[in-house]
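Subject: Structure handover

Hello,

Please find the structure below.

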Amino acid sequence: MPLKPTPLRAEHVALGARLVPFAGYEMPVQYPTGITAEHQAVRTAAGLFDVSHMGEVEVRGREAREFVQYVTSNDVDRASVGQAQYSTLLKQDGGVVDDLLVYRFPEHFLLVVNASNREKDLAHLREHAGRFDVEIIDRSDDIALLALQGPRAQAILERLTGDRLDDIGYYHFREGRLLDRKALLSRTGYTGEDGFEIYLENRDAVPLWRALLEAGKAEGLIPAGLGARDTLRLEMGYALYGNDLDEEHTALEAGLGWVVKLGKEDFIGRQALIRQKEAGIERKLAGFRLRERGFPRPGYEVRTPSGGGVVTSGTVSPSLGVGIGLAYLPAESAQPGAEIEIVIRGQGIPAEVVKPPFYTQGSVRT
C-alpha cells in the first residue's frame, strides 16, 4: 500500500529531510541539522514539527458528552469549553486501545488520536456509538497539524497573530486566525517545552509553515523531525503508543491511573480496572537511568531481583548525556531507587529506577 504524504511533503524534500515510513505516512525523521541539533533547538529556542499524520475525529450530536464520557477513561465533565484533556480509549479488559487528546467545544468534541491507530479507533468508537445519539466524523484527511515547540514559541507565533497569547493556558485552546487563515491554537505538545499545536486546513499548511520558519529565524527556530520528537518526549517520560502503550497492558499498568477516573459514571474498562486495582498490579511501566555508558533500546531484556522485564523505549538523552528509558517491570522492582540491570549486547548494565521526568528544566507552562 503506498505511503500517504502530508500536505508539507514537498517542503520537507526541499529542506533536505530524510523521509521514512511511519504509521502509513511518509514522514521526516530528521533534517540535515541532525536529531541532536533539532532536539537542542526545541530545548533552548524552538522547533517546528509536521504532525499532520495525526487523526482527528469529531463527535457531534445530542449525546456527545455522554458518549465521550463512556468511551474515554478521564472525566470530560472536568474539562471546560476551550480546554483539552489527555485521556485513553480502553478495551473492556482495561487494555489501552489508544491515548488521545479530547478537545471540548461548545457543541461538540474533537478527539485527536495516533495516526497508527486511526482506523482501529474509528471502528472502536463506532462499535460503541449505537446506543447514543451521536455522529462520528473522521476529519483526519482535511486537517493539517503543526507543532511549534520551545521557550520562544509564543514570541514567534505572536508575530503572525498580532495578539498576545498569554490568555491561552496550558492544555487550553482557542479558534483564531494566522495570516488571515482560520486556525485552532492549542497550548499543548509532547516535548516538555512551552508551545502550540496548530490545526488548520490542508491548503493553508504550506504558507503557514513557511511563515513560521521565516518569523522564527532570528529566534533560532528550525524544522524538527520524528527523531527529535521521540528523544524529547522520552526525556519527559511521556509514553508512546506501540512502544509503551498497547492493548496487552492496562492503563493502570502503564502508569496512566491519573487519567483513569474510577469514581465517575461507567466507562469502557472500568470494572476490569477496579478488579485489577483491588487484586494488586503485578507489573508496571517505570523509568530507568543507566549508571554506566550504554544505549538502551526497545526490546532489551531487564533483570530485576523479582523477575524479568523488557525495555519499551530507550535512548541516550541528548540533554543529560546518559542512557534513559521506560520498561515494564515486576511491581516490586518498579519503585524509584530500585536497582536493576539492562542487558545490552549480552552484558548487564547497572541502572536505577527513577520517576520521570528525566529532564526537569523544560519551559512548559502548567
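A pocket here is an open set of points on a 1 Å grid over the protein atoms alone, where a 1.4 Å probe fits, with protein on both sides within 12 Å along at least five of seven lines. Lining residues have an atom within 4 Å of a point. Points are joined across faces, edges and corners, and a volume is the space filled by probe spheres set on them.

This is a predicted model, in which local features need pLDDT of at least 70 and side-chain atom pairs count only at pLDDT 80 or more, while totals for chains, interfaces and linings use all residues. Residues are numbered from 1 along each chain as its sequence is written, and side-chain values use heavy atoms, with hydrogens and water left out.

Helices (H or I, at least four residues) and strands (E, at least two) are DSSP runs, numbered from the N terminus. On that basis β7 (96-104), β8 (108-113), β13 (195-201) and α7 (226-235) each supply at least two residues of this lining. The largest share, 4 residues, comes from α7.

For residue classes, Ala, Val, Leu, Ile, Met, Phe, Trp, Tyr, Cys and Pro count as nonpolar, Asp, Glu, Lys and Arg as charged, and the others, Gly among them, as polar. The lining of the second largest pocket then has 17 nonpolar, 5 polar and 5 charged residues.

The largest pocket holds about 970 Å³ of space. Of its 38 lining residues, Gly237, Tyr238, Gly255, Leu256 and Trp258 lie nearest the centre. At least two lining residues each come from β6 (84-90), β15 (283-290) and β20 (347-354), and β15 gives the largest share, 4 residues. By class, the lining of the largest pocket has 24 nonpolar, 9 polar and 5 charged residues.

Helix α7

Helix α7 is mostly covered, with 9 of its 10 residues buried (under 20% relative accessible area, 1.4 Å probe, protein chains only). Among the buried ones are Arg229, Arg233 and Glu235. The buried residues of α7 pack against β2 (18-22), β3 (25-30), α2 (35-44), β4, β17 (307-316) and β18 (323-330), where contact means heavy atoms within 4.5 Å. Gly237 follows α7 and has a positive phi, near 75 degrees; Gly237 is also one of the residues nearest the centre of the largest pocket.

Strands

Two strands pair if DSSP finds at least two bridges between them. An open sheet of 6 strands runs in the order β11-β12-β13-β10-β4-β14, with mixed pairing. Its edge strands, β11 (173-178) and β14 (221-223), each pair on one side only. Within this sheet, β4 (residues 46-50) and β14 pair in the parallel sense over 3 bridges. Gly47 stands opposite Ile222 in β14.

Elsewhere, β16 (residues 301-304) and β19 (residues 339-344) pair in the antiparallel sense over 2 bridges, and Arg303 stands opposite Glu341 in β19. β19 also pairs with β20, again antiparallel, over 6 bridges. In that pairing Ile340 stands opposite Ala351 in β20. β19 and β20 form a hairpin with 2 residues between them, and Arg345 in the turn has a positive phi of about 55 degrees.

Regards

Notes
Buried < 20%, exposed > 50% of the residue type's maximum accessible area, 1.4 Å probe, protein only.
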